[in-house]
Amino acid sequence: MTVSVYKQIEANKTKTWLVMLFFSLFIAMVAFVFGKSTGNGLSWAGIALIISGLMSLISYYNSDKMVLGISGARPADRVRDFDLFTVVENLSIASGLPKPKIYVIDDNAPNAFATGRDPEHAVVCATTGLLEKLNRRQLEGVIGHELSHIQNYDTRLMAIVVVLVGVISLMADWFMHSLWFGGRGSRDNREDRSSFGAIMMVVGIVFAFLSPIIATIIQLAISRRREFLADASSALLTRYPEGLAQALEIISNDRNVLKTASNATAHLFIANPFKDKGFGTKFSGLFDTHPPAIERIKILRSM
Amino acid sequence: MGALLLILIIGGFLILYIWILYNNLVTAKLRVKESWSQIDVQLRRRSDLIPNLVESVKGYAKHEKSVLENVTKARTDLMKASSPVEKAKADNQLTETLKTLFAVAENYPQLKANENFLQLQRELSDTEDKVAYARQFYNTSVLSYNTNLQIFPNVLIAKNMGFSAEEFFAATEEERKKVSVKFE
């Protein structure tokens, strides 16, 4: 049992590096194609590599602050947020983790997330809606889930993925802009714009459309599997899967939408903060950051 | 020459195995020790809360003397206990007496409305959870250490290196749930 958990953590750490490598290569390739098709060649790829490298490093060390800044959280207070504070304390004891920093977001939508590059720099954050609507046992289930994300190093992997996905979207934007407004620089070496250039141009446009979508799908696929694992670890930690099952029921039935969540932070939360709006049902399975709550509850109840 | 090489290789592997095993066991044993101190901290925290609780109950329910005395006695026993098994027993005893105390408190509406008493009740129930979780972590550490100690072939040499199995901090999970529900 314990062995498999440690293996999981090792696998996750390795995966973090692989993801960083894969994304950097992907970005370099995309940049190369963009560069070729706009006539700027390798310099684009170089710049893109440097930028993605810098972004990875920045996100690696500052992901917790960045996320907290975006979501407007305040530090939790032991007296005011007694249940949240003590539950986090208790489950940290149970899992042998150092106590993470605890934050609260003033929002009626019940939700929670964890972030940070390692257990020493971890942050757990809950909304006031969650604290009001759940009892202590249900809250334990949710916090157990979040602590498992920290313990499994999911938070590190996801923090990096977010930023890298962001870089790819940014590059696609640049490319589309340079198509409309650019082209001046390449006028001198127009002879380069042979049929190869034209093909690259088409490829570049296709890439520009596809890359953010591909990047997002990768991000989602990574994140969904983790939710099941974190649910299971939470049940193991609290020895009470029913608590988390009830909490998920309450959270998924709640109609409040989290105001502070954006696409960039959606996968961090315990349940999808957007309540399946927007995308057509056909794609919803592919684009969900979380497995359906019903499925998760069913699995928890069968434990 | 070939035989010598073989002996050297086997000997090398044996040394490597013993080396790794020793380090693993030391690490696991330290983890057990550390998780034990975690329980100790929480038990002490619990003991520290009791006198305040007894004081605040005394103010409202003077003639529940025997209940209060039992709680105080259980606390003293807990503070005197040293081994995991003794502490587990004393802790269970204290839990029992506290249950009686809170049941009795139900008969005193004024006490139940007292902010100080409510705060203590919350703190105690939280400490109860903390003890339970610390115990869970301790038992997991002991389990992994003992397993490492007793599987083959580790069992053949671990004893000779001076390692012995650790005690579990025994208490049933149901008891934890029952108590916490009671406090809610």
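In chain B of this predicted model, helices α1(B) and α2(B) are roughly antiparallel to each other, because their axes cross at roughly 160° and angles over 145 degrees count as roughly antiparallel. Helices here are DSSP runs (H or I, at least four residues), numbered from the N terminus. The two axes come within 10 Å; each is a line fitted to C-alpha atoms over the stretch in contact, with angles from 0 to 180 degrees between N-to-C directions. The crossing is left-handed, that is, the near helix is turned anticlockwise from the far one by less than a right angle.

Two residues are in contact if their C-beta atoms, placed from the backbone, lie within 7 Å. From α1(B), the residues that meet α2(B) include L43(B), I50(B) and V54(B); among their partners in α2(B) are L68(B), V71(B) and L78(B). This contact comprises eight nonpolar, two polar and two charged residues, where Ala, Val, Leu, Ile, Met, Phe, Trp, Tyr, Cys and Pro are nonpolar, Asp, Glu, Lys and Arg charged, and the others, Gly among them, polar.

Chain B also touches chain A, with 14 residues from chain B and ten residues from chain A. On the side of chain B, α5(B) gives the most, with ten residues. That side has three nonpolar, five polar and six charged residues.

Confidence is expressed as pLDDT, from 0 to 100 for each residue. Chain A averages 75, and 68% of its residues score at least 70. Over residues 183-191 of chain A, pLDDT stays under 50. Where pLDDT is low, the predicted coordinates should not be read in detail.

Residues are numbered from 1 along each chain as its sequence is written, and chains are lettered from A in the order in which they are written. Local features need pLDDT of at least 70, side-chain atom pairs count only at 80 or more, and totals for chains, interfaces and linings use all residues.

How values were computed. Helix = DSSP H or I, 4+ residues; strand = E, 2+ residues; numbered from the N terminus. pLDDT = per-residue confidence, 0-100. Parallel < 35°, antiparallel > 145°, perpendicular 65-115°, else oblique.
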